Amino acid sequence: MSLFDILEEQNKQIPLAEILRPKTLEDFFGQTDIIKENSAVWNLLKSGRLFSLILWGPPGCGKTTLARIISKETDSIFIELSAVSSGIKDIRETVETAKNELRTSGKKTILFIDEIHRYNKTQQDALLPYLENGTIYLMGSTTENPSFQVIPALISRVQILILKPLDNENLLKIIRNGYKYLIDKYGKINLDPEIGEFIVKHSQGDARIALNLVETSYFASTFKEDTRILTIKILESLVQKRYIKYGLQEHYDHASAFQKSLRGSDPNAAIYWLAKMISAGEDPRFIARRLVVTASEDIGNADPKALEIALNAYKAVELLGLPEGRIPLAQAVIYVAKAPKSNETITAIDKALHDIEVSGESYPPPDHLKDSHYKDASNYGFGKGYVYSHDHPEIKQNFLPKELDGKTYLT
């Protein structure tokens, strides 16, 4: 190591979130459903059993920390890669290291891949043979649904643990620990009583965001004599806009909540989910398309105007963009949510499609309904017996195939 490297290491400022990262299961906050005492995972780890898994959860919920604790609990070699900057070459190097460790020390190797969903299919395939023969154990972390982003062959070889955002109680403990560490190291501070609640709301279950704000706010506080003073006003100046978690999974979840609120005739909930999606940066055209779908699927002919309003909202969004586009979107959302509901349209077409595509009830039109405008059509009997309905509305005709006579699709 050069003199420059030594000086750089000495001057490196380690983030508070890294300093306070838990080292044992007992110190790990949150995820009590997974790692509480006598839970399946707890007992496996305490018995020294190692297994491959994918940790799926939002940022700052403890995925990396839990993987490191598992490594320590099982006395395993821990090699960490980022899917953003690594590839097959790094996997192969890890495999060689794992083989050497097995030969020399008998220790097992955990390969931790952060954001594993960013690996492409070829890179994920490269892991399979080494998981199969036990050369390495995989710990992958992801903020996205593994079912969407991880290949089935890899999913079949691992356990998937779902981690949740930290609850307010555990997040508050982490915040208090953060300020206690800083006070012990740098000196006392007077905190506004609402500081903890403010940081809890801002961080939305993300311990990293919470501790980053704890650290920043401590050093941004004012001085009075020899004591720091931290107020809500100082925190508000540091946080211009609240952070909103919104990845691929949130994209689908919020769209689902939005559409179900419209279907359930709850305009207040629909407006909330609309605002949440707009604040998170969702494409307003996507939101408008959901409105158009709902107007037909859940309202249909109970109020045909709903489709017209939804389509106009889509055009308005394309014309205006955001932020102005939020207004016609909100107008359409309120109308669609309040409109009378009927799912006759979607049930009718889906029943007919099922009969044709699944039940095999695919029949040609009866001869009297076939096109008879071309020469020689009458020679085949096409159009024979058809009655022009406007001239004779009193005459009842069969318009379905004879095999489906009497079939109904409307309720």
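Predicted model: local features only at pLDDT ≥ 70, side-chain atom pairs only at ≥ 80, totals over all residues.
Helices (H or I, at least four residues) and strands (E, at least two) are DSSP runs, numbered from the N terminus. Residues are numbered from 1 along each chain as its sequence is written, and side-chain values use heavy atoms, with hydrogens and water left out. Local features need pLDDT of at least 70 and side-chain atom pairs count only at pLDDT 80 or more, while totals for chains, interfaces and linings use all residues.

Zooming out, S1 and S4 belong to an open sheet of five strands in the order S2-S3-S4-S1-S5, with parallel pairing. S2 and S5 (159-162) sit at the edges, each pairing on one side only. From one strand to the next, the twist averages 20° (axes are lines fitted to C-alpha atoms, for helices over the stretch in contact, and angles run from 0 to 180 degrees between N-to-C directions). H6 packs on this sheet and touches S2 and S3, its direction making about 180° with that of S2; contact here means heavy atoms within 4.5 Å.

Serine 71 lies in helix H5 (residues 63-73). With a relative accessible area of 5%, serine 71 is buried (buried means under 20%, exposed over 50%, partly exposed in between, with a 1.4 Å probe and protein chains only). Leaving out residues up to four places away in sequence, serine 71 touches Ser76, Ile77, Phe78 and Ile110.

Then there are the nonpolar cores, sets of buried Ala, Val, Leu, Ile, Met, Phe, Trp, Tyr and Cys residues joined through side-chain atoms within 4.5 Å. The largest has 24 residues, of which Ile175, Tyr179, Ile195, Ile199 and Val214 touch the most other members. Helices H2 (16-19), H11 (168-186), H12 (195-203), H13 (207-220) and H14 (232-238) each supply at least two residues, and H13 gives the most, with six. Apart from this core lies another, of 23 residues, including Met277, Ile287, Ala330 and Ala339.

Methods:
Pairing = 2+ DSSP bridges.
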